[in-house]
Amino acid sequence: MAHVLWSVGAILVALGLMAHLFGWDALLWIPQAALAAIREDPATYGVIALGLVLMLLARIFTRPRG
């Protein structure tokens with residue numbers, strides 16, 4: 001669990017630094033562009049999303065327990 005918290009903390013630090021360097025407007029443009037692309041071709045991005053979900057599930061099921 002500690003490695004998850006460390007990873008989330010590192011992501012937040014990186015996000016804060018990028019917001020400081022580029023501004024929030026530039027960072028928020030990325031999700032808006034992604035949503036626009038999904039609206040243009042939802043089937044393709046649905047297949048990509050399904051593939052990502054399956055990859056995540058495979059990773060979860062192959063993790064060692066304990």
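I take helices here as DSSP runs of H or I with at least four residues, numbered from the N terminus, and in this predicted model I find Leu5 in helix α1.

Entry on the patch. I then found Leu5 listed in a nonpolar patch on the surface, together with Met1, Val4, Val8, Leu12, Leu15, Met18, Leu21, Phe22, Trp24 and Leu28, and I noted about 1,200 Å² of accessible area for these residues together. Helices α1 and α2 each supply at least two residues of this patch, while α1 gives the most, with eight residues.

Entry on the helix pair. I looked up how α1, residues 2-22, lies against α2, residues 24-40, and recorded an angle of about 115° for their packing, with the axes 6 Å apart. On the α1 side I listed Leu15, Met18, Ala19 and Phe22 as making the contact, and on the α2 side Trp24, Ala26 and Leu27. Sorting the residues of this contact by class, I noted seven nonpolar, no polar and no charged.

Note on methods. Residues are numbered from 1 along each chain as its sequence is written. This is a predicted model: local features need pLDDT of at least 70, side-chain atom pairs count only at pLDDT 80 or more; totals for chains, interfaces and linings use all residues. Side-chain values use heavy atoms; hydrogens and water are left out. Axes are lines fitted to C-alpha atoms, for helices over the stretch in contact, and angles run from 0 to 180 degrees between N-to-C directions. Contact means heavy atoms within 4.5 Å. Ala, Val, Leu, Ile, Met, Phe, Trp, Tyr, Cys and Pro count as nonpolar, Asp, Glu, Lys and Arg as charged, and the others, Gly among them, as polar. Patches are made of residues with over 30% relative accessible area and no salt bridge: like charges are joined within 9 Å, nonpolar side chains (Val, Leu, Ile, Met, Phe, Trp, Tyr) within 5 Å. Accessible areas come from the Shrake-Rupley method with a 1.4 Å probe; for residues, only the protein chains shown count as cover. A salt bridge is a side-chain nitrogen of Lys or Arg within 4 Å of a carboxyl oxygen of Asp or Glu.
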